[in-house]
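Reader: I would like to go through a structure and ask what the terms rest on. Please show it.

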Amino acid sequence: MKAAFSTFELMTVAAAREIRDGEVVFAGTGLPMLAAMLAQRTHAPGCVLVFEAGGVDPRMLHLPMSVGDSRTLTGAAMAAGLMEAFTYLLQGGRIDVGFLGGAQVDRYGNINSTALGDYLRPSVRFSGSGGAADVAALAGRTVIIARHERRRFPERVDYRTSPGWIEGGDSRARAGIRGGGPAAVVTTLGVIRFRPDTKEPYLASAHPGIPPEHVQTETGFPLDLSEAGETPPPTREELEILRTTVDPEGVFLKRH
Amino acid sequence: MIDKVISLEEAAALVPSGATVSIGGFTSQRHPTALLRALVRRGVKDLVVYCHSAGSDVDLLIGAGCVRRVEAAYLADGVFAPIAPNWRRFVEAGRLEFEDYSNAAMMARFSAGAMGLPFFPVRSMLGTDLLEKEGLPAEVRRTDPTAAPKKAAVIDCPFTGEPVVLVPAIRTDLCLLHVQRASPRGLLRIEGQEFLDVQQALAADRVIVTCEELVDDEELRREPERNRIPPFAVHAVVPVPFGAHPHSVHNYYDYDPRHLALYAEAARSDEAFRAYLDRFVFGPADHAAYLEAVGGPEHLDTLRARSGLGYNPELRRRP
């Protein structure tokens with residue numbers, strides 16, 4: 001039987017639910033944009049979007065294809081630049097939640113978006129940090145979005161582009177990073193969260209039809225499965241909004 | 001009245017091989033691509049390029065063999081190229097010097113250069129390999145005057161004792177920008193997001209600007225609060241309609257999905273990219289011929305921005 005929703009749609013909905021009404025959201029390219037636009041049209045109409053290229057609090061009509069897109073300016077409060085976005089808003093402590101993607105995510109939610117293998121002669125070179133390292137260090141909390149495969153979820157990332165809980169425990173604070181840190185990792189298989197003190201990861205929920213044991217099999221570090229529930233599926237309304245209002249063209253939805 | 005208007009070819013001739021250059025814009029927005037193609041045609045080599053979130057602007061220079069080193073935070077072209085293809089291929093093959101920073105760090109580096117400071121502090125990059133791993137070999141840092149002696153430094157704040165990261169200033173020989181409007185005297189009007197263009201311009205010895213429209217100086221002086229770069233910092237102005245194609249210019253035209261997809265495909269191998277350069281960079285005799293080669297007026301009209309939105313809401317971004 002054909003699934004009533006795609007994994008990408010489920011991930012978008014799960015990510016959207018991490019946003020609370022009234023929060024200031026730093027949204028990166030791709031799924032975070034869809035999640036934030038969906039949140040605005042459902043449970044968090046008062047959430048405010050900030051884009052690193054300068055768009056602040058837009059009333060977006062059309063999905064941007066990157067954070068620098070003119071579509072991030074429609075009805076915006078400000079069309080600024082990187083200086084305002086990074087210095088005053090992000091580093092100034094005005095961003096509640098930031099969304100991050102990455103090629104690898106490790107046990108403590110550290111992210112690699114730079115390179116696989118040897119740094120100077122990598123087997124795969126990625127786009128680079130962009131603002132991700134800054135968001136990971138300076139947003140009130142972060143939500144990570146990633147494709148869940150064992151090779152993408154190693155014990156340690158090949159290159160730590162964006163800091164998560166570093167080595168667990170209080171290592172993030174000891175590194176000199178004030179506050180923040182990953183609250184959730186929304187993947188193609190489930191949602192991972194971190195224990196408050198040890199920062200050890202646990203499976204909060206597996207997506208419908210995915211056994212928690214399968215999530216462990218696809219994860220390169222130990223994952224506590226003892227509390228794993230099932231990710232609530234998208235509602236009919238959420239899917240409708242996502243498909244007809246947020247991304248009717250399938251700019252991102254059709255790619256996945 | 002100082003008239004700074006020159007031709008695209010004259011502007012390209014102001015950029016010598018080996019120069020340090022920063023390029024304005026952001027991913028697929030407002031890059032001076034017509035000027036970059038003119039640089040490629042001239043056969044410029046060994047450029048040291050500083051950018052933050054670049055797209056196929058810097059990727060084009062890399063693929064054409066014009067670049068010795070890139071210092072950047074990010075290179076991608078939205079959904080069309082989630083990793084800039086020449087960038088990826090050249091780094092994987094060890095054919096390019098590079099140094100990775102975050103966007104906030106590049107912002108800080110350009111700001112320091114613009115302010116005449118040797119460095120600027122940031123609160124990010126602590127606990128990351130951006131801080132721990134250097135792309136440039138120590139030998140290059142010691143012998144190449146364009147390279148900062150050190151990638152970054154962590155100090156304890158002398159007032160609070162907290163760790164902060166210091167990143168070295170960037171001063172470039174040239175900054176290349178594309179803006180919506182400019183006056184012959186070098187007064188610029190950027191519409192939409194500024195990105196980091198103001199800081200990049202003021203961190204450069206010379207600023208070369210291409211613009212969609214040349215307008216009267218007095219017109220831009222009527223709203224001085226919208227002007228952010230002093231005209232005496234601008235060296236040359238080149239009117240080039242569609243001068244950022246295939247990238248977008250807010251209020252003028254959108255990015256070109258057809259061409260960006262074609263570019264992304266072509267840049268995946270040396271052979272295909274050579275064919276791309278022959279067809280779109282070396283082949284066309286001038287910018288007008290380039291615009292014909294990418295589809296001519298009929299195609300370009302499909303990209304035009306709608307008034308009040310700044311982009312084209314009808315644009316089909318998926319084939």
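Reader: Why is the radius of gyration of chain A said to agree with a compact globule?

Author: The model is predicted, so local features need pLDDT of at least 70 and side-chain atom pairs pLDDT 80 or more, while totals for chains, interfaces and linings use all residues. Residues are numbered from 1 along each chain as its sequence is written, chains are lettered from A and ligands numbered from 1 in the order in which they are written, and side-chain values use heavy atoms, without hydrogens and water. The radius of gyration is taken over C-alpha atoms, and the globule rule is 2.2 Å times the number of residues to the power 0.38. For 256 residues a compact globule would have a value near 18 Å; chain A has 17 Å, and therefore agrees. The C-alpha trace of chain A spans about 50 × 45 × 35 Å along its principal axes.

Reader: What makes a residue buried, and how many of the residues in chain A are buried?

Author: Buried means under 20% relative accessible area, exposed over 50%, and partly exposed in between, with a 1.4 Å probe and protein chains only. In chain A, 61% of the 256 residues are buried.

Reader: Why is helix 1 of chain A called largely enclosed?

Author: A helix here is a DSSP run of H or I with at least four residues, and a strand is a run of E with at least two, both numbered from the N terminus. Helix 1 covers residues 7–16 of chain A, and nine of its ten residues are buried, so the rest of the structure largely encloses it. Among the buried ones are Phe8(A), Leu10(A) and Met11(A). The buried residues of helix 1 pack against helix 2 (31–41), strand 5 (97–101), strand 10 (141–146), strand 11 (182–187) and helix 7 (236–246) of chain A; contact means heavy atoms within 4.5 Å.

Reader: What lines the largest cavity?

Author: A cavity is a set of points on a 1 Å grid over the protein atoms alone where a 1.4 Å probe fits but cannot get out, and lining residues have an atom within 4 Å of a point. By that test, Thr33(B), Arg37(B), Ser56(B), Leu60(B), Pro246(B), Tyr263(B) and Tyr276(B) line the largest cavity. Helix 2 (33–42) and helix 3 (56–63) of chain B each supply at least two residues of this lining.

Reader: Which residues of chain A line the second largest cavity?

Author: Gly68(A) and Ser70(A) belong to its lining, which also includes Gln29(B), Arg30(B) and Glu191(B).

Conventions:
On a 1 Å grid over the protein atoms alone, a cavity is a set of points where a 1.4 Å probe fits but cannot get out, and a pocket is an open set with protein on both sides within 12 Å along at least five of seven lines; lining residues have an atom within 4 Å of a point.
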